[in-house]
Amino acid sequence: MRRRTIQPFFRETELQKTDLVMPVFVDESISAPLAIPSMPGQFRHPVDGVADYCERLRDAGIGAVILFGIPAKKDSEATEAYAPDGVVQRAIRSIRERLPGMVITTDVCACEYTDHGHCGIIGETVDGPDLENDLSLELMARIALSHAENGADIVAPSCMLDGMVKTIREALDAAGYQDTLIMSYSSKFASALYGPFRDAADSGFSFGDRTTYQIDPGNAREAIMESELDVAEGADILMVKPAGIYLDILASVAGFGLPVAAYQVSGEYAMIKAAGERGWLDERAVALESLVAIKRAGADLIITYFAEDVARWFNEE
Ligand code: PBG
Ligand code: ZN
């Protein structure tokens, strides 16, 4: 037995609003927020509504976002991903203008911008069409640079290409963006938990899968080595994704010394939400428990669709 009044002295891990990063979907083709069916409570935002939404987040106490863009047109080379007036470029500028203190992170990938839905440029391999690593690297450098030019604080390459961090670091430095940070999706598993996101960001693929460039869920050593490689390439922040069922990997990667982000992905959110809606689980309690567990395992920052809800729950207390 321990007296309730003494419990706080013994609490080792406490979740804070400043640990959280909210994913924000910006859709070039809409004029009002559009609900995402597979992620109840989440919306795509129009470009001219994204600053209002971020202001609401800021007012609730969430000071960091990660942006995902849904362009009006897609092509095989993802040209809209680095267009000067692309959806993310415009979103960054409008958030930056309204909220100078907001930490703006951008997802650097091609899958929302390619008509085939893969994370880069496709070439022919012996097994048929698949990602072409080196051409795709050039594309990632262009996308990251364009985000930095428009005011992103942190660029987050999520394509899992070999050499992506080094290529992006060199491109940013050469253009004078030494202070733009790179948060690498360094240990990213080929997970079925990204399912709802593909609805949210319209990034489903038309052939194949992502198992040739994302990590096999059974591979711990490989996942840890992928993060090690990104340290050597100059990453500023590492990431483990998904979060909740990969806490062993998170705990190992946290030992490297660099800040580590954990991404509680769309499927993790959807499972808790769905059970909560049916009355099978207490949504709030399970969401908070899942996030505290992620922090306990070593995450310095947590990307989660619950960020805004958590801020409101804390504000009510
Ligand atoms: C883009 C990207 C994905 C996610 C984040 N960035 C999809 C994927 O890799 O297939 C998933 C996020 C989520 O499920 O919430 N590469
Ligand atoms: Zn992608």
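Q: Exposed means over 50% relative accessible area, and buried means under 20%. In this predicted model, does Asp 59 count as buried or exposed?
A: Asp 59 sits in helix 2. Its relative accessibility is 56%. The cut-off for exposed is over 50%, so Asp 59 counts as exposed.

Q: How far apart are the C-alpha atoms of Asp 59 and Arg 2?
A: Along the chain, 57 residues lie from one to the other.

Q: Which residues of helix 2 are buried?
A: Helix 2 covers residues 50-60. Its buried residues pack against strand 1, strand 3, strand 4, helix 3 and helix 11. Those buried residues are Val 50, Ala 51, Tyr 53, Cys 54, Leu 57 and Ala 60.

Q: Which residue follows helix 2?
A: The residue after helix 2 has a positive phi, near 110°. That residue is Gly 61.

Q: Which residues coordinate the zinc ion (ligand 2)?
A: The donors named are SG atoms, at 2.3 Å. Along the sequence, the donor residues follow the spacing C-x1-C-x7-C. They are Cys 109, Cys 111 and Cys 119.

Q: What arrangement do the four donor atoms around the zinc ion (ligand 2) make?
A: The donor atoms subtend angles of 98 to 121°. Four donors count as tetrahedral if all angles lie between 85 and 135 degrees. The arrangement is therefore tetrahedral.

Q: Are Cys 109 and Cys 111 buried or exposed?
A: Each of these two residues gives an SG atom to the zinc ion (ligand 2). Both Cys 109 and Cys 111 are buried.

Q: At what angle do the axes of helix 10 and helix 11 cross?
A: Helix 10 spans residues 283-296, and helix 11 spans residues 307-316. Their axes come within 11 Å. They cross at roughly 110°. That makes the two helices roughly perpendicular, at that crossing angle of roughly 110°.

Q: How many residues in the contact of helix 10 with helix 11 are charged?
A: Helix 10 brings Glu 283, Arg 284, Ala 287, Leu 288 and Leu 291. Helix 11 brings Asp 309, Val 310, Trp 313, Phe 314 and Glu 316. Six of these contact residues are nonpolar and none is polar. The charged ones number four.

Q: Which residues is Lys 273 in contact with, leaving aside its neighbours within four places in sequence?
A: Lys 273 belongs to helix 9, residues 266-277. With a relative accessible area of 10%, Lys 273 is buried. Its contacts beyond those neighbours are Pro 40, Glu 283 and Asp 309.

Q: What is phi of Ala 78 near?
A: Most residues other than glycine have a negative phi. Ala 78 lies in the loop between strand 4 and helix 3. At 0% relative accessibility, this residue is buried. Phi of Ala 78 is positive, near 60°.

Q: What is the relative accessible area of Met 160?
A: Met 160 is placed in the loop between strand 8 and helix 5. Phi of Met 160 is positive, near 60°. The residue is buried, with a relative accessible area of 9%.

Q: How far apart in space are Ala 223 and Ser 187, C-alpha to C-alpha?
A: Ala 223 is in helix 7 and is buried, at 0% relative accessible area. Ala 223 touches Ser 187, Phe 189, Ile 215 and Ile 249, residues up to four places away not counted. In sequence, Ser 187 is 36 residues from Ala 223. In space, C-alpha to C-alpha, the two are apart by 5.1 Å.

Q: What separates the C-alpha atoms of Leu 258 and Val 231?
A: Leu 258 is found in the loop between helix 8 and strand 12. Its relative accessible area is 23%, so it is partly exposed. Setting aside neighbours within four places, Leu 258 has contacts that include Val 231 and Asp 300. Val 231 is 27 residues away along the chain, yet the C-alpha separation is 8.0 Å.

How values were computed:
Residues are numbered from 1 along each chain as its sequence is written. Chains are lettered from A and ligands numbered from 1 in the order in which they are written. This is a predicted model: local features need pLDDT of at least 70, side-chain atom pairs count only at pLDDT 80 or more; totals for chains, interfaces and linings use all residues. Side-chain values use heavy atoms; hydrogens and water are left out. Donors are N, O and S atoms within 2.8 Å of the metal (3.2 Å for Na, K and Ca); water is not among the atoms, so sites may look incomplete. Four donors count as tetrahedral if all angles lie between 85 and 135 degrees; four count as square planar and six as octahedral if opposite donors are over 155 degrees apart and all others between 65 and 115; anything else is irregular. Buried means under 20% relative accessible area, exposed over 50%, partly exposed in between (1.4 Å probe, protein chains only). Axes are lines fitted to C-alpha atoms, for helices over the stretch in contact, and angles run from 0 to 180 degrees between N-to-C directions. Helices (H or I, at least four residues) and strands (E, at least two) are DSSP runs, numbered from the N terminus. Angles under 35 degrees count as roughly parallel, over 145 as roughly antiparallel, 65 to 115 as roughly perpendicular and the rest as oblique. Contact means heavy atoms within 4.5 Å. Ala, Val, Leu, Ile, Met, Phe, Trp, Tyr, Cys and Pro count as nonpolar, Asp, Glu, Lys and Arg as charged, and the others, Gly among them, as polar.
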